[in-house]
Structures are given as C-alpha cells and as structure tokens.
Amino acid sequence: MPRARVTRAALSLDGPLSTAQRELLDVAFRAASALPVDPHLKTRSRLQEAVVAAALRLQQPVLARSYAQGIGNWRRGACAADLACYYATHDRPDDTLLHLEEAQRIADTTELEGDVQAWRRDRIRAKIAATHLLLGHDETARLMANGVGDSETGHVETVKARTMAEDRVGDYLVHLDQQFERGNLEQARAGLDACTHLFDRFYSNVERREQTEARVRSAYPKLPPQIRLELLQRLVVSALDHADHSKALALVSEAQELVDKSRWLLEDHVRWLAQLAALRDRAGAHAQAQHQIGVALAMFDRGRDQIMNIERADVLRAVAEATWSMRDPAAALAVYQRALEAGVENPNSRPRAEDLSATCLSLALNDVAANGALRARITDILNGLGHPW
C-alpha cells in the first residue's frame, strides 16, 4: 500500500455539531473509558468503538479519530478502517490512505488467540477491503477479502451492493442465489443485507425492487424471527425514504404479524413494539403509532420485574427513541429520565457505565434537547462511577 501524503487539509472535515451533542459524546466516551483496563479491556474498547461510530454518523471524523486513539485493543484498527471508509465516501484521498495504513498495521499485528479469535483481524480486513471497493480498487479488495470469515463478509457485500452498475445486478443476484443454496446463516445474512441495499438503490425500478425483495422473502424459512424483522425493518425504511407510505405500512403490518405470533423475551417484545410504532408514525398512521407506544410502555411497566436490571435501561431507551421520533418531546424526556435511573439500579459500575454511555449516545444521535434536570443527572451518574466494577 503506498504511503499516504498528509496535506494541511487532511483530518479537517468535521461538520456542524451542537454544543449539547458534543458534550454528550464526550460523556459517553468518558463513561466508557472509566472502565478499568484490567479486567474490562474488551468491554471498555467495545463501548469506546460505539462512540467512534456515533461521531462518524454525526459527520465528525476528526472527533471520531481522537476517540479512536484512546482504544487499547484491535478495535482501534476497526475504527481506523471505518474512518478510511468515511473519507473515501467524501473524496479525501490523503485521509483515506492514512487510515487504511493504520488499519492494515493493526490488522497485521493483532494477536490471535487461536482460530476462534480470527474474526477480530478479519473484521478489520473486511472493512479495508470494503474501502478499496469504494475507491475502485477491485483486485486489491478481492485479495484483502480472501480468506475472511463468513461472519465478516457483510462489510464487503454491502459496498458491492452500494456501488455496482445496474447492468450487473442480475448476475449478482444469481451469485447470491448460489450462496443461499450452499451457504450457512452468516453467508445468507451477508447476501440478504446486500439485497436490502439493492432494494433501496433501485427502488424506482419495479422489476429490480421486486427481485431483491423476493430474495429476502425466499430466505425467510431458514431465518430466525429476529433477523427476519431486522430485514423487514430495512425494507420499511427504504420505502419511507422513497415516500412510498402504502408499501411501508404493508411491510410494517407484516412485521407486526411476525412480532405477534413469535415468542419473545419481554424486553425484546417491548423493543420491537416501540420500533414498529415509530415506523408506523413515519408512514402516517399516527393514531395507531401513539396507541402502540403506549402499549409498549405499559407492557414494560407490568413486566418490569421479569427483566434483569441490566436490561431495563436498554428497553426504555428504545421506547424513548421511538417517542422522540414521534414528536412528543416531553414524553420522550420522561422516558429518557427513567432509562437513566434504570441504568443505576445495579450497584456494579460496569453496567452503570455501559448504560450511561449508551443513553448519552442515544440523546446525541437523536439530537434530543435534554433539560437541566436530565443533564444534571447524567453528570451525577458519571461522577459516581467507581468501585466496585
């Protein structure tokens, strides 16, 4: 790989960000970093990586890089590859090469603890390969992806779907059909994720849209309900993004039927009810959406004691996010407040740090205007992190 020429303009592409969002990202990273390296390096690094990903979603690559430099294991390489991908999509070749080099260096030096841990290196390599695809370096991408484990191929397949010419889609779908026939669940998942991207890219082409949707549906019998719902959710979002509300509502109804007839842990059931309510609202079914979010919250309240205390904040965040998206800020803030309190029910600071970081990221990503009481409570929880871990 050629050496990067770092110009004065490199690493200077952060977009606008509110002061509140920046503070929330910082608190999320501080909470993650409060976890002691020994014995919590894996959890600490995973939480830190989530902050990097959030910063990139908010168009803050410089800030994301500053966070990534504080990660103490292989996940720093995954973040470097994500940064390379980000810069490649923003036509920043110097920054792209700089981060590709860093990601490659970390991949090459990642210690493997037997084959079971090879996915760590493979994840970095798959993300590097995906970036080379974006750059048009097809052969380099192929070589980099060669030997990558099935669980990580989705990164490459997604970029293929995002970048391929329309006249190649037919052949690609035949290739995916062959993968579905002989592949395992991980291979199928990568291909199905690619199909959802093709569904979105070629939405206006009815034939292509129906072909890709048909691939997703043909794989249903082999998939657990959770994955089927995640795929349906992506199709709904695509329909909404293309202002096809009737199609979106039909897909939501299908997803709702699957939720209703499947057996779930209570926490998963509430999450799905909340997420589908938010999608209904986006599609224009406001009254139904409001009713369903109320059902979700009531279900949580009735069964609260059935949910482990380390799971409760996550469930409430899902309800809060849905409520915020439905333009009910007062109700959303009340649920976010409940999520903060649920996150400190466990006396151990490890789950407290995890929940605080996740709640701050949720607030930042959704640009929630937190009130003074909520901000003060966040500060209190952050300052209270400490032994026992």
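Q: How does α6 pass α8, right-handed or left-handed?
A: The crossing of α6 with α8 is right-handed. Helices here are DSSP runs of H or I with at least four residues, strands are E runs of at least two, and numbering goes from the N terminus.

Q: Before we go on, what sort of model is this?
A: It's predicted, so to speak of local features we need pLDDT of at least 70, side-chain atom pairs count only at pLDDT 80 or more, and totals for chains, interfaces and linings use all residues. Residues are numbered from 1 along each chain as its sequence is written, and side-chain values use heavy atoms, with hydrogens and water left out.

Q: Back to that pair: what angle do α6 and α8 pack at?
A: About 15°, with the axes 8 Å apart, for α6 (residues 118-134) and α8 (residues 154-163). That makes α6 roughly parallel to α8. The axes are lines fitted to C-alpha atoms, for helices over the stretch in contact, and angles run from 0 to 180 degrees between N-to-C directions. Under 35 degrees counts as roughly parallel, over 145 as roughly antiparallel, 65 to 115 as roughly perpendicular, and the rest as oblique.

Q: Which residues make the contact?
A: On α6, Arg123, Ala126, Lys127, Ala129, Ala130, Leu133 and Leu134; on α8, His155, Val156, Val159, Lys160, Arg162 and Thr163. Contact means heavy atoms within 4.5 Å. By class that's seven nonpolar, two polar and four charged. Nonpolar covers Ala, Val, Leu, Ile, Met, Phe, Trp, Tyr, Cys and Pro; charged is Asp, Glu, Lys and Arg; the others, Gly among them, are polar.

Q: While we're on α8, is Glu157 buried or exposed?
A: Glu157, which lies in α8, is buried, with a relative accessible area of 7%. The cut-offs are under 20% for buried, over 50% for exposed and partly exposed in between, using a 1.4 Å probe and protein chains only.

Q: What does Glu157 touch?
A: Leaving out residues up to four places away in sequence, Glu157 touches Tyr172, Leu176, Ala190 and Ala194.

Q: OK, new pair. How do α4 and α5 pack?
A: Helix α4 (residues 75-89) and helix α5 (residues 93-109) sit at about 160°, axes 8 Å apart. That makes α4 roughly antiparallel to α5, and the crossing is left-handed. Residues of α4 in the contact include Gly77, Ala80, Ala84 and Tyr87, and α5 brings Thr96, His99 and Leu100 among others. The classes come to nine nonpolar, three polar and three charged.

Q: Which peptide bonds are cis?
A: Asp38 to Pro39 is cis, with omega near 20°, and Pro39 is in helix α2 (residues 37-57). His387 to Pro388 is cis as well, omega near 5°, with Pro388 in the segment after α19 (372-383). Most residues other than glycine have a negative phi, and most peptide bonds are trans.

Q: Switching to the core. Which residues touch the most other members of the largest one?
A: Among the 102 residues of the largest nonpolar core, those are Leu25, Tyr67, Leu198, Val270, Leu356 and Ile378. Helix α14 (residues 266-282) gives the most to this core, with nine residues. A nonpolar core is a set of buried Ala, Val, Leu, Ile, Met, Phe, Trp, Tyr and Cys residues joined through side-chain atoms within 4.5 Å.

Q: Take Leu356. What does it touch?
A: Not counting residues up to four places away in sequence, Leu356 touches Val27, Ala31, Leu340, Ile378, Ile381, Leu382 and Leu385.

Q: Last one: how exposed is Arg22?
A: Arg22 counts as partly exposed, at 39% relative accessibility. This residue lies in helix α1 (residues 19-34) and, neighbours within four places aside, is in contact with Leu17, Leu63 and Tyr67.

Methods. Left-handed = near helix turned anticlockwise from the far one by under 90°.
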